[in-house]
Amino acid sequence: MEEVEILNDNIVRVADLLEQIQDVNRMIELHQGDDDLLMHRQYQHRKAQFLFELNKILEGFKIHVADMAA
């Protein structure tokens with residue numbers, strides 16, 4: 001039963017991460033032409049952190065993003 005709860009928590013977290021990545025993508029697009037490189041880098045860094053966590057969770061489901069790119 002505990003395993004099901006962990007899987008459900010991971011599924012919820014994946015959905016949350018995808019929403020956060022979507023929001024960060026909007027902010028990256030918004031600041032694309034700005035002279036404020038610091039802001040742009042911060043959003044890129046946040047996106048990288050979200051993607052790292054997402055990949056870790058997906059590995060638990062035996063999903064490897066590199067495999068999907070092929």
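Which helix does Met39 lie in? Met39 lies in helix α2, with helices taken as DSSP runs (H or I, at least four residues; strands are E, at least two) numbered from the N terminus. This is a predicted model, where local features need pLDDT of at least 70, side-chain atom pairs count only at pLDDT 80 or more, and totals for chains, interfaces and linings use all residues. Residues are numbered from 1 along each chain as its sequence is written, and side-chain values use heavy atoms, leaving out hydrogens and water.

**Confidence**
- The chain's average pLDDT (the predictor's confidence in each residue, from 0 to 100) is 88, and 93% of the residues score at least 70.
- Among the chain's elements, α2 has the highest mean pLDDT, at 93, while helix α3 (residues 65-69) has the lowest, at 70.

**How α1 and α2 pack**
- Two packed helices are described by the angle between their axes and the distance between the axes.
- Here, helix α1 (residues 2-30) and helix α2 (residues 37-60) have axes that come within 9 Å and cross at roughly 160°. That makes α1 roughly antiparallel to α2.
- For the conventions: axes are lines fitted to C-alpha atoms, for helices over the stretch in contact, and angles run from 0 to 180 degrees between N-to-C directions. Angles under 35 degrees count as roughly parallel, over 145 as roughly antiparallel, 65 to 115 as roughly perpendicular and the rest as oblique.
- The crossing of α1 past α2 is left-handed, a label used if the near helix is turned anticlockwise from the far one by less than a right angle (right-handed if clockwise).

**Who touches whom between the helices**
- On the α1 side, the contact (heavy atoms within 4.5 Å) takes in Asn10, Arg13, Val14, Leu17, Leu18, Gln20, Ile21, Val24, Asn25, Met27 and Ile28. Their partners in α2 are His40, Tyr43, Gln44, Arg46, Lys47, Phe50, Leu51, Glu53, Leu54 and Ile57.
- By type, the residues of this contact split into 12 nonpolar, five polar and four charged.

- Val24 sits in α1 and counts as buried at 4% relative accessibility. The cut-offs are under 20% relative accessible area for buried, over 50% for exposed and partly exposed in between (1.4 Å probe, protein chains only).
- Leaving out residues up to four places away in sequence, Val24 touches Tyr43, Arg46, Lys47 and Phe50.
- Arg46, over in α2, is partly exposed, with a relative accessible area of 40%.
- For Arg46 and Asn25, 21 residues apart along the chain, the C-alpha separation is 10 Å.

**Around the α1–α2 loop**
- His31 is in the loop between α1 and α2, and at 13% relative accessibility it counts as buried.
- Setting aside residues up to four places away in sequence, His31 touches Met39, His40 and Tyr43.
- His40, in α2, is buried too, at 17% relative accessibility.
- Met39 is partly exposed, with a relative accessible area of 26%. The C-alpha atoms of Met39 and Ile57 are 28 Å apart, at a sequence separation of 18 residues.

**Lys62, between α2 and α3**
- You'll find Lys62 in the loop between α2 and α3, where it is exposed, with a relative accessible area of 71%.
- Check its backbone: Lys62 has a positive phi of about 60° although it is not a glycine.

Note on methods
Nonpolar A, V, L, I, M, F, W, Y, C, P; charged D, E, K, R; others polar.
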